[in-house]
Amino acid sequence: MAAENRQPSEDQAAGTREDTIADWSDVYFKRTKQAVGRFGDAQVTYALFMRRPVISAPGLVVDWLNQVAADRGVEFDVDLRYREGKWVGAGEPIMYITGSLYHLCDLETLILQKLGPACVAAHNAFSMCADLPHVAFLAMDARHCAGTEMAELMAYAASVGSERAKRKVGAVGFVGSSTDATAHFFGQEKGAGTMPHAFIGYAGSTLRAAEMYDECFSDEPMTVLVDYFGHEVTDSLEVCRAFSKRAREGQLSLRIDIAGSRYMETLDPPASYAVLERHVPEAIRGFRTEEELRYLVGPGVSAAAIWRLREALDEAGFQKVRIVASSGFGPKKCRLMSDAHAPINVIGTGSFLPIRWSETYATADIVEYDGKPRVKVGREFLLRR
């Protein structure tokens with residue numbers, strides 16, 4: 001049997017996990033384990049918390065803990081104080097983990113790696129979906145992640161934040177991801193996506209790229225990337241006319257991912273202000289920061305660019321053609337797009353990834369030894385109540 005077709009046995013998987021723990025655990029935790037093994041074990045309780053408000057996203061770390069416990073033939077009791085998708089305040093214990101100090105102390109490093117970033121990303125995803133409840137989101141974070149483990153963690157986090165937004169405000173939320181490996185977090189069997197800029201360059205024109213895609217995937221809805229040549233309006237209308245049946249049936253979408261160094265075709269600063277003045281004048285009246293103005297009327301994928309493309313499509317009779325937007329759609333940009341009522345149908349984004357990585361640092365402290373409350377001075381707020 002070819003090596004790539006073999007699945008590791010449970011024993012092999014357990015060995016791999018233990019090797020990973022040994023390689024990646026901080027040395028001082030491994031030395032603690034060695035000393036505890038010599039002087040006697042204790043039953044301890046860890047409190048896990050973060051220093052900023054987050055959305056609880058503990059699923060992957062709890063699953064991992066259960067796997068490690070099974071590998072080691074022990075049990076860990078997880079007291080989850082904030083179930084998946086719940087808002088957690090700064091400093092509030094997300095969970096308590098009770099078990100053998102010998103078997104828990106070398107896991108702390110990896111536990112924190114799997115908890116903190118996911119909780120912050122889930123908070124970001126929730127904010128984005130809640131601000132734009134009528135927009136569908138596609139998780140396109142994989143290319144921005146530092147390896148496949150982070151990509152899995154971030155996609156999971158997006159699904160948690162999305163589910164909260166669905167419950168709280170009836171949002172459409174995240175409907176899929178760009179990779180097969182993480183599609184299951186969004187209830188899909190396969191990843192989603194059509195064409196990158198490289199495909200447009202290969203085809204030589206936007207229309208030719210659409211024709212090639214249609215020939216290969218004629219039974220699927222088509223999303224055409226229209227900003228490669230800087231002729232967003234011209235190329236969009238050309239594609240719509242060439243695929244008028246798709247356009248009429250709502251099977252055609254146009255994606256803009258305009259570089260932040262230039263304005264969309266037909267726009268400049270005065271024209272951008274004029275577009276918003278026609279549709280959402282309240283969005284540009286009153287004080288706006290420089291960053292907010294950039295999202296509204298600046299270069300790249302601004303609210304004005306989205307409104308202008310919608311105008312051109314509607315004027316040409318292509319009201320059913322959908323607009324997909326990408327490029328830096330994090331919480332702040334989504335909030336401004338909401339203010340401008342930007343007519344976006346789908347947003348492709350990886351910008352729910354935490355920007356300030358220091359905010360993702362989770363912390364664990366032991367708060368009980370053999371059932372007796374004890375914690376370092378200054379962390380008394382973690383004691384279990």
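Let's start with helix 11, residues 269-279. Ser 272, Val 275 and Leu 276 are buried there, meaning under 20% relative accessible area with a 1.4 Å probe on protein chains only; exposed is over 50%, and partly exposed lies in between. Why do they sit on the same side of helix 11? Because they cover an arc of only 90° around the axis, taken from the directions from the helix axis to the C-beta atoms. On the other side, Pro 270 and Arg 278 are exposed.

What covers the buried residues of helix 11? The cover includes helix 12 (290-297) and helix 13 (303-315). Helices here are DSSP runs of H or I with at least four residues, strands are runs of E with at least two, and both are numbered from the N terminus. At the start of helix 11, look at Asp 268. One of its side-chain oxygens comes to within 2.8 Å of the backbone nitrogen of Ala 271.

A word on the ground rules. This is a predicted model: local features need pLDDT of at least 70, side-chain atom pairs count only at pLDDT 80 or more, and totals for chains, interfaces and linings use all residues. Residues are numbered from 1 along each chain as its sequence is written, and side-chain values use heavy atoms, with hydrogens and water left out.

Now the overall picture. The protein chain has 14 helices and 13 strands. Its C-alpha atoms fill a box of roughly 80 × 60 × 35 Å along the principal axes. Of the 385 residues, 52% are buried. Take contacts, meaning heavy atoms within 4.5 Å. Among those with a separation of 6 or more, 74% join residues 24 or more positions apart.

On to the cores. A nonpolar core is a set of buried Ala, Val, Leu, Ile, Met, Phe, Trp, Tyr and Cys residues joined through side-chain atoms within 4.5 Å. The largest has 117 residues. Tyr 46, Ile 306 and Phe 352 have the most contacts inside it. Helix 5 (residues 108-131) supplies the largest share, 13 residues. A second, separate core has 6 residues, including Ala 47, Phe 49, Tyr 96 and Val 375.

Back to Ile 306. Leave aside neighbours within four places in sequence, and its contacts include Ile 256, Val 301, Ile 323, Phe 329 and Met 337. Ala 342, Pro 343 and Ile 344 are also among them.

A cavity is a set of points where a 1.4 Å probe fits but cannot get out; a pocket is an open set with protein on both sides within 12 Å along at least five of seven lines; lining residues have an atom within 4 Å of a point. Points are joined across faces, edges and corners, and a volume is the space filled by probe spheres set on them.

The largest pocket holds about 1200 Å³. Its lining has 44 residues. Leu 138, Met 140, Ala 192, Gly 193 and Thr 194 lie nearest the centre. Strand 7 (173-177) and strand 8 (222-225) are among the elements giving two or more residues to that lining.

Last, Ser 162, in helix 6 (residues 148-169). Is Ser 162 buried or exposed? Buried, at 1% relative accessible area. Beyond four places in sequence, Ser 162 touches Cys 129, Gly 173 and Phe 174.

Key
A polar contact is a pair of N or O atoms within 3.5 Å; within protein, one must be able to donate a hydrogen and the other to accept it, and residues adjacent in sequence count only if both atoms are side-chain atoms. On a 1 Å grid over the protein atoms alone, a cavity is a set of points where a 1.4 Å probe fits but cannot get out, and a pocket is an open set with protein on both sides within 12 Å along at least five of seven lines; lining residues have an atom within 4 Å of a point.
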